[in-house]
Amino acid sequence: MSVLVTGGAGYIGSHMTYALLERGEDVVVLDNLSTGSRSLVAEKAAFVEGDVGDRDLVVRLIDEHRVDAVIHFAGSIVVPDSVSDPLTYYANNTVNSRSLIEATVQGGVGNFIFSSTATVYAGQSAEPLIETMQTGPMSPYGRSKLMTEWMLEDAARAHGLRSVVLRYFNVAGADPKGRTGQISPRATHLIKRASQAALGRIPHLDIFGTDYPTADGTGVRDYIHVSDLVSAHALALNYLRAGGESTVMNCGYGHGASVREVIAATERVTGHVLPVREGPRRAGDPPWLIAESSRIRALLGWQPEHDDLEEIVRTAWQWESRLNAS
Ligand code: UD1
């Protein structure tokens with residue numbers, strides 16, 4: 001039996017692959033290397049370069065590797081890019097996921113874990129977001145993911161494909177063992193950009209919006225360490241294999257930090273004063289995204305181990321410093 005990890009050469013998928021191998025799973029990684037890197041894929045994983053939208057390829061992999069579960073990370077993730085280029089987001093996220101789900105059903109695999117996003121909520125309130133709340137994405141990115149959630153819901157009813165949908169809040173940090181992290185030089189994530197600014201690799205860090213109705217006027221996000229996110233997937237896999245019903249779960253700590261708080265934490269961790277430039281809001285950004293996380297804690301027994309902004313920033317900075325040195 002093995003686990004098919006789509007997007008396993010990317011930031012989160014590469015962390016997941018290491019974690020699965022560590023617990024003795026066989027892993028096959030499918031990635032088209034459009035943003036990921038072969039160098040991030042653990043050596044013990046089988047690696048296949050290809051598209052998740054290639055249905056025949058996926059069906060073949062399921063058969064050859066006796067896949068019993070699919071963990072689907074592959075997709076496009078940058079909210080503002082989805083505003084300027086929505087059709088690419090619908091192609092990469094919605095259309096390809098449809099094909100992958102079809103291949104999964106056709107291949108007789110019953111367990112599916114999907115990387116969804118907190119941006120499926122409207123995010124217009126400081127209150128933590130609960131899974132039962134009305135969705136209302138502000139960006140094509142959020143909509144492209146929500147449509148995949150709907151397809152999974154329907155596939156569960158029609159074909160018995162059980163799934164855990166994890167709505168990620170803001171994933172950041174890097175493998176504490178230093179094996180993998182974010183590599184994209186044009187990354188847009190705040191915490192990575194802050195590390196790059198501390199290292200002098202970018203001339204300044206932009207603050208996108210200082211007039212939000214938040215305490216200090218900047219956007220607030222629930223930053224979660226990538227290792228805690230990966231442990232949530234491992235628990236979700238156990239849950240599905242034990243026959244758990246399809247469900248949707250938030251994956252965040254339940255408290256937020258503003259852009260200014262992230263900057264202050266980065267300055268403390270790195271000892272560098274960041275060159276900061278205040279500017280207008282970025283398209284598609286809600287003021288707050290904070291998780292209500294009791295469902296995942298109760299249903300999966302998830303207990304975060306890295307719920308500390310400075311630790312998140314420190315692991316991101318350590319990874320970035322190594323990239324800088326090489
Ligand atoms: C991130 C993820 C998205 C995920 C969502 C869940 C990426 C690229 N995006 O989006 O996939 O679904 O979390 O909550 O991983 N900011 C600045 N300056 C910068 C960069 C960002 O001020 O240089 C601000 C943003 O306006 C926002 C906050 O920092 O308020 C976080 O932004 P970012 O790290 O880009 O993540 P999200 O857009 O929230």
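1. Ligand surroundings. In this predicted model, the ligand is surrounded by 23 residues. The closest of these are T117, N170, H189, D206 and D285.

2. A backbone N or O atom of L190 is placed 2.8 Å from an oxygen atom of the ligand, while for D206 a backbone N or O atom lies 2.6 Å from a nitrogen atom of the ligand. D206 also belongs to the closest residues listed above.

3. Extent of the interface. Where the domains meet, 29 residues of domain 1 are in contact with 25 residues of domain 2. The size of an interface is often expressed as the accessible area that is lost when the parts come together. Here the buried area is about 2200 Å², and carbon and sulfur atoms give 71% of it. In domain 1, the residues that lose the most area to domain 2 are Y223, H225 and D228, which together account for 33% of what that side buries.

4. Contacts across the interface. What kinds of pairs link domain 1 and domain 2? Seven residue pairs are in polar contact, with both residues at pLDDT 80 or more, whereas the count of salt bridges between the two domains is zero.

5. The domain 1 side. The elements that give two or more residues to the side touching domain 2 are α3 (79-84), β7 (170-172), β10 (223-225), α7 (226-241) and β11 (247-251). Helix α7 provides the largest share, five residues. By class, this side has 17 nonpolar, 10 polar and two charged residues.

6. Side chains of opposite charge can pair when their charged atoms come close. The structure holds 20 salt bridges. One of them joins E22 and K177, whose closest N and O atoms are 3.3 Å apart. This pair links distant parts of the chain, 155 residues apart: E22 is in helix α1 (residues 11-22), and K177 is in the loop between β7 and α6 (190-198).

Terms used: Residues numbered from 1 in each chain as written. Predicted model: local features only at pLDDT ≥ 70, side-chain atom pairs only at ≥ 80, totals over all residues. Heavy atoms only, no water. Contact = heavy atoms within 4.5 Å. Buried area = accessible area lost by both parts, 1.4 Å probe. Salt bridge = Lys/Arg side-chain N within 4 Å of Asp/Glu carboxyl O. Polar contact = N/O pair within 3.5 Å; in protein donor to acceptor, adjacent residues only side chain to side chain. Helix = DSSP H or I, 4+ residues; strand = E, 2+ residues; numbered from the N terminus. Nonpolar A, V, L, I, M, F, W, Y, C, P; charged D, E, K, R; others polar. Near = heavy atom within 4 Å.
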